[in-house]
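Thanks for coming. I will take the core packing to begin with and then move on to the overall fold.

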Amino acid sequence: MEYVSPEGLRIDGRRPMEMRKLHAEMGVVAKADGSAVFVMGNTKVIAAVYGPREVQNRSQQMSDQALVRCEYSMANFSTGDRMRKGKGDRRSTEISLVVRQTMEACILTHLMPRSQIDIYVQVLQADGGTRCACINAATLALADAAIPMRDLVTSCSAGYLNSTPLLDLNYVEDSAGGPDVTVGILPKMDKVTLLQMDSKLPIDTFDNVMQLAIEGCKAVATYIREVLLENTKQLEYHRGV
Amino acid sequence: MAVEEKPEELVTPGEVLGRAAELRAGKGAYVAAHNGLVYASLTGRARTVPPSPDSPDQRPMVEVIGLKAHGAVPEPGSIVIARVTKVMARLASVDIMCVGPKSVREKFTGTIRQQDVRATEIDKVDMHSSFRPGDTVRALVLSLGDARAYYLSTAKNDLGVVSAESAAGATMIPISWTEMQCPLTGQIEQRKVAKIGS
């Protein structure tokens with residue numbers, strides 16, 4: 001199947017280095033300490049953060065830092081065919097672990113000892129790149145909850161089909177069986193915190209694909225910062241500052 | 001030397017605020033050990049606080065003021081308002097509801113031990129004559145306590161029961177340091193009463 005036409009257009013009309021349209025909103029779950037919705041094309045994810053709060057399971061309490069817990073689940077209606085169970089399966093457990101480790105690396109946990117931070121991410125619409133959208137949504141939700149972080153964490157995926165590196169794969173391109181590289185970075189620090197890949201790639205091609213994904217992450221970071229600044233200005237305006 | 005007034009900037013986590021050699025990191029900022037720069041850790045306005053003239057460290061402090069306030073947390077030395085949940089032979093368990101003027105977001109447990117109820121004759125204290133479940137108490141936080149509860153004290157004139165309900169269900173009126181009277185039935189009940197005001 002042809003994923004990149006001879007004119008250089010992908011199935012959804014994008015160019016190989018073009019990301020899908022981004023949209024984000026903050027403060028969508030009133031009861032949570034912080035929340036956000038992150039949309040990348042047709043993939044829509046909602047994240048809610050609770051914390052820092054008292055640890056519920058005393059045996060897991062850490063005296064010098066905060067405990068970070070994360071749960072990833074997919075809504076039954078998120079995929080084309082209705083799903084039976086959206087959490088508890090292997091893929092959800094793996095993504096929960098990945099998101100937890102990525103966010104834990106950037107939260108300043110030593111500032112909140114003996115407390116717990118819960119991150120819940122749920123996929124409302126799945127069209128490829130759900131892992132990346134979850135990390136981006138979690139970053140926004142943590143910033144909304146005013147939890148101190150080293151830097152924002154942004155994530156983007158890239159693949160390699162028809163001998164072309166492609167940025168931000170959608171579901172059809174992802175299911176093609178080609179390589180899918182997911183990268184998570186701390187944009188201002190220029191550090192990589194998450195790097196995963198499916199399938200195989202020769203090392204020099206991998207380098208190109210990873211650099212493309214990192215560029216995508218930086219573009220997401222620019223957008224997220226705009227959303228944060230706009231949200232803060234709105235809050236100040238409503239407060240009458 | 002005139003100090004130039006910079007308008008406060010809106011920053012996001014990860015933005016550079018300055019060098020650790022020139023600035024101290026306050027709330028909402030942190031120092032990265034590997035390159036000696038001060039970064040923001042919260043979203044908000046970055047404010048520079050000039051150093052106090054007598055402090056040994058003459059670097060100004062930069063802090064980031066966010067708009068979302070975290071709930072109040074009891075600190076040793078703060079006055080709290082709590083509701084009594086359980087009264088036992090040697091201690092009373094309370095739920096802390098307010099710290100100073102602010103209410104808490106999630107409840108904290110506190111303990112008032114027999115020796116901390118009053119200042120005099122502390123070994124002759126009868127817990128049931130000092131507190132009853134449901135009473136509202138004003139107390140001082142002694143320490144963070146153990147894993148389960150904060151340690152509180154009511155051993156001062158303005159600490160103790162501020163409001164209590166009688167057996168008949170009416171709010172009782174304090175009549176002395178140790179007694180409160182029900183306005184409906186005239187019944188007198190024993191409490192460790194707080195004297196608020198001059």
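**Core and fold**

This is a predicted model. Let me start at one side chain, A:Met103. Setting aside residues up to four places away in sequence, A:Met103 is in contact with A:Ile119, A:Ile135, A:Ala138, A:Thr139, A:Leu142 and A:Val153. A:Met103 is also one of the four residues, with A:Phe38, A:Leu140 and A:Leu142, that touch the most other members of the largest nonpolar core, a set of 68 residues. Where does the largest share of this core come from? From helix H4 of chain A, residues 203–239, which supplies 12 residues. There is a second, separate core of 28 residues, and among its members are B:Val125, B:Val141, B:Met172 and B:Val193. As background, nonpolar side chains in soluble globular proteins tend to be buried together.

Now the fold of chain A. Chain A contains 9 strands and 4 helices, and along the sequence they run β-β-β-β-α-β-α-β-β-α-β-β-α. The radius of gyration is 18 Å, close to the 18 Å from the globule rule for 241 residues, so chain A is as compact as a globular protein of that length. Along the principal axes, its C-alpha atoms fill a box of roughly 55 × 45 × 35 Å.

On contacts, taking those in chain A with a separation of 6 or more, 67% are between residues 24 or more positions apart. As for burial, 53% of the 241 residues of chain A count as buried.

Last, the surface and the charges. Chain A has an accessible surface of about 11300 Å², and carbon and sulfur atoms hold 49% of that. Its side chains include 27 positive and 29 negative ones, with the centres of the two sets 7 Å apart.

Key: Residues numbered from 1 in each chain as written. Chains lettered and ligands numbered in written order. Predicted model: local features only at pLDDT ≥ 70, side-chain atom pairs only at ≥ 80, totals over all residues. Heavy atoms only, no water. Helix = DSSP H or I, 4+ residues; strand = E, 2+ residues; numbered from the N terminus. Rg over C-alpha atoms; globule rule 2.2 N^0.38 Å. Buried < 20%, exposed > 50% of the residue type's maximum accessible area, 1.4 Å probe, protein only. Contact = heavy atoms within 4.5 Å. Areas by Shrake-Rupley, 256 points an atom, 1.4 Å probe, with all protein chains shown as cover. Lys, Arg positive; Asp, Glu negative; His and termini not counted. Charge placed at Lys NZ, Arg CZ, Asp CG, Glu CD. Core = buried A, V, L, I, M, F, W, Y, C linked by side-chain atoms within 4.5 Å.
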